[in-house]
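Here is my note on the two-chain model, point by point. Please read it with the structure open.

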Amino acid sequence: MAQRTLLVYSGLFLLGLVLLAIGALTHPYRVGNTPGSEAGESLVALGLTFVIVGIGYFLAWANPAQ
Amino acid sequence: MEEGDSGVKYLIGRSAGKSAVIAAFIATHVATMAGLWFGGVRLPQFNFNMLNGWLVLGLTADPVQTFVIGGIIHYTSGIIWGVVFALIVHPAFGRFIKPLAALTPTNNYIKGVLWGLVLWVISSALWMPLLIDPLFGGGVVGPFLTKFGLNGVQALFANLLWHSIYGVNLGLLFNPTPASTRSSWRGASGVGVR
């Protein structure tokens, strides 16, 4: 069970990092308030979402009351 | 952790209500600040304080007044949504989604993340198009936030990020566990919040 949980939060975190990297490195970004690539910024937002959910999952799993 | 009379202990406070209010306030504040910083990661800024202020004061009011009044409304909304989660939705998730029935930190966290997703749908499908769009004369917000001013669908995903930050914090901080659980954050680390 612990092994599966580890895989889940690692997977979420890594998926987020990959999406974030693709969005940030392969698409033009915004300058000031002028939006950059729609797909790129969407990937950055989605990637950060997965990263944060993955980190939160790890923190919940690491709670000693678990 | 503090133990109440109900056989359940909370990370913050002795009752579900008190725990929910404090957890929701922290979650709202963290998400609100993150939304203001979205520009730092090249995302559209999400300033819910101003959006709420414009809703009640109009677009021509003093910006500081709009920010403060809007902030009060926004934080109140965030706390109320958190209390609704803690007292109604959290137990309901446990009843209808059987794997989430046990009061464990992981299950509590998953429930918080799910609640963040629900609020994202409400915000994107209803609040933004039905309330914010008419404020700017229409045509500014697309259906389900597929457009927001100069921004396209990235606004929808930035809104998802915002509500995920809220849900993650709410799920981690509103954390009821059975009182019989021996180990706790306080026991393990020597800290606790009263």
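1. Start with chain B, which has six helices and three strands. Read from the N terminus, its elements follow the order β-β-α-α-α-α-α-β-α. Keep in mind throughout that this is a predicted model.

2. Next, the dimensions of chain B. Its C-alpha trace spans about 55 × 35 × 30 Å along the principal axes. Of the 194 residues in chain B, 42% are buried.

3. Contacts within chain B deserve a look too. Take those between residues at least 6 apart in sequence: 62% of them join residues at least 24 apart.

4. Now chain A. This chain has two helices and zero strands. The helices are H1 (2-26) and H2 (38-61), with a loop between them.

5. What radius of gyration does chain A have, and what would a compact globule of 66 residues have? Chain A has 15 Å, whereas the globule would be near 11 Å. The box filled by the C-alpha atoms of chain A is roughly 45 × 20 × 10 Å, taken along the principal axes.

6. Burial and contacts in chain A can be stated briefly. Buried residues account for 41% of its 66 residues. Among its contacts between residues at least 6 apart in sequence, 62% link residues at least 24 apart.

7. One residue of chain A is worth checking by eye: Pro28(A), in the loop between helix H1 and helix H2. Is Pro28(A) buried or exposed? Pro28(A) counts as exposed because it has 11 C-beta neighbours inside 10 Å, and the cut-off for exposed is 12 or fewer.

8. Which residues does Pro28(A) contact, leaving aside neighbours within four places in sequence? They are Gly36(A), Ser37(A) and Gly40(A). Asn63(A) lies 35 residues from Pro28(A) in sequence, and the C-alpha to C-alpha distance between the two is 40 Å.

9. Finally, the interface. Here 25 residues of chain A are in contact with 30 residues of chain B. On the chain B side, helix H4 (105-135), helix H5 (154-173) and helix H6 (185-189) each supply at least two residues. H5(B) gives the largest share, 10 residues.

10. What is the make-up of the side of chain B that touches chain A? Its residues divide into 17 nonpolar, 12 polar and one charged.

Conventions. Residues are numbered from 1 along each chain as its sequence is written. Chains are lettered from A and ligands numbered from 1 in the order in which they are written. This is a predicted model: local features need pLDDT of at least 70, side-chain atom pairs count only at pLDDT 80 or more; totals for chains, interfaces and linings use all residues. Helices (H or I, at least four residues) and strands (E, at least two) are DSSP runs, numbered from the N terminus. The radius of gyration is taken over C-alpha atoms; the globule rule is 2.2 Å times the number of residues to the power 0.38. A residue is buried if 20 or more other C-beta atoms lie within 10 Å of its own, exposed if 12 or fewer, and partly exposed in between; C-beta atoms are placed from the backbone. Two residues are in contact if their C-beta atoms, placed from the backbone, lie within 7 Å. Ala, Val, Leu, Ile, Met, Phe, Trp, Tyr, Cys and Pro count as nonpolar, Asp, Glu, Lys and Arg as charged, and the others, Gly among them, as polar.
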